[in-house]
Amino acid sequence: MAVQEETGRLNRPHSRAESVVRRSRALIKIVQRDLRSSEIGQILLCAVLGGVIGALVAILRNFVAILHRIDFALPPGSYLSATDDVSPFLVVFVPAFGGLIIGLWSHWLRRRKAKEVVDPVEANALLGGRMSLSQSLRLTLQTLLANASGASLGMEAGYSQFGASVYSWVGQYFQLRRADLRTFVTAGAGAAIAAAFNAPLAGAFYGYELILGSYMPRALAPVCAASLTAAIVQRSMAFPP
């Protein structure tokens with residue numbers, strides 16, 4: 001009897017855990033079903049994700065500035081693009097070393113036959129908005145490394161690639177329809193550009209004209225909400241020089 005009671009006591013937490021998992025899965029399925037048919041829900045989700053992208057852009061921008069100061073021995077508060085007081089040795093060595101790392105990385109990826117990165121335009125035109133988050137993160141890291149090494153390459157492409165892939169990943173997770181997933185990719189790219197340039201309207205129009213390729217009325221609110229919240233969060237997180 002004591003053994004049976006002890007066995008039941010051990011099984012009880014396990015049963016509760018399984019019950020919580022089942023309820024969580026059921027709740028996720030309900031959210032997935034309702035979000036597919038809820039335009040307001042998609043707008044709110046785009047706005048929330050826009051804030052996330054805005055924060056990431058602010059963090060990455062500050063991180064690149066810190067790397068510039070370390071790599072090129074810049075004084076505090078200065079920026080690489082606004083100074084000419086840099087050691088000639090560092091001007092040659094840092095970009096060469098960064099290029100070597102990127103070259104070796106690219107060679108390793110080719111040997112592993114890694115898939116080519118799908119950009120937001122291609123994703124929307126050919127794949128119904130489906131993008132790989134891991135591949136986009138790889139491109140963003142390569143762009144960050146090149147920029148931190150002093151290469152004449154802006155971070156905007158990395159920002160828009162990562163922003164669009166985050167929105168695509170979330171849209172795929174919630175099993176959105178093809179048209180809605182394309183809107184999410186547009187919103188993600190627009191949010192990244194809005195945060196990068198502190199320009200919500202520019203980010204929204206970038207998404208409409210370059211990523212989506214049209215001014216669909218249904219895409220108006222999600223893209224604008226994403227761009228606006230991204231710019232606001234990025235502005236509120238401005239780091240001191």
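User: In this predicted model, where contact means heavy atoms within 4.5 Å, which residues does Arg130 touch, not counting residues up to four places away in sequence?
Analyst: The model is a predicted one, and Arg130 is found in the loop between helix H4 (120–126) and helix H5 (133–148). Leaving out residues up to four places away in sequence, the residues that Arg130 touches are Ala123, Ser168, Gln172 and Leu181.

User: What distance separates the C-alpha atoms of Arg130 and Ser168?
Analyst: Ser168 is one of the residues that Arg130 touches, although the two positions lie 38 residues apart along the chain. Taken between their C-alpha atoms, the separation of Arg130 and Ser168 is 6.0 Å.

User: Which residue has a side chain joined to that of Arg130 by a polar contact of 3.2 Å?
Analyst: A polar contact requires a pair of N or O atoms within 3.5 Å, and the value of 3.2 Å belongs to a pair of side chains, one of them that of Arg130. The partner is also among the residues that Arg130 touches, and its name is Gln172.

User: Is Asn147 buried or exposed?
Analyst: Asn147 is found in helix H5, and, not counting residues up to four places away in sequence, Asn147 touches Val64, His68, Leu153, Gly154 and Met155. Its relative accessible area is 12%, and the term buried applies under 20%. Because Asn147 has a relative accessible area of 12%, this residue is classed as buried.

User: What share of the residues of the protein chain count as buried?
Analyst: The protein chain exposes about 13800 Å², with carbon and sulfur atoms supplying 65% of that area. Counted by residue over the 241 residues of the protein chain, the buried share is 39%.

User: How many helices and how many strands are there in the protein chain?
Analyst: Read from the N terminus on, the elements of the protein chain run α-α-α-α-α-α-α-α-α. Among contacts between residues at least 6 apart in sequence, 69% join residues at least 24 apart. The count of elements in the protein chain is 9 helices and 0 strands.

Terms used
Residues are numbered from 1 along each chain as its sequence is written. This is a predicted model: local features need pLDDT of at least 70, side-chain atom pairs count only at pLDDT 80 or more; totals for chains, interfaces and linings use all residues. Side-chain values use heavy atoms; hydrogens and water are left out. Helices (H or I, at least four residues) and strands (E, at least two) are DSSP runs, numbered from the N terminus. Contact means heavy atoms within 4.5 Å. A polar contact is a pair of N or O atoms within 3.5 Å; within protein, one must be able to donate a hydrogen and the other to accept it, and residues adjacent in sequence count only if both atoms are side-chain atoms. Buried means under 20% relative accessible area, exposed over 50%, partly exposed in between (1.4 Å probe, protein chains only). Accessible areas come from the Shrake-Rupley method with a 1.4 Å probe; for residues, only the protein chains shown count as cover.
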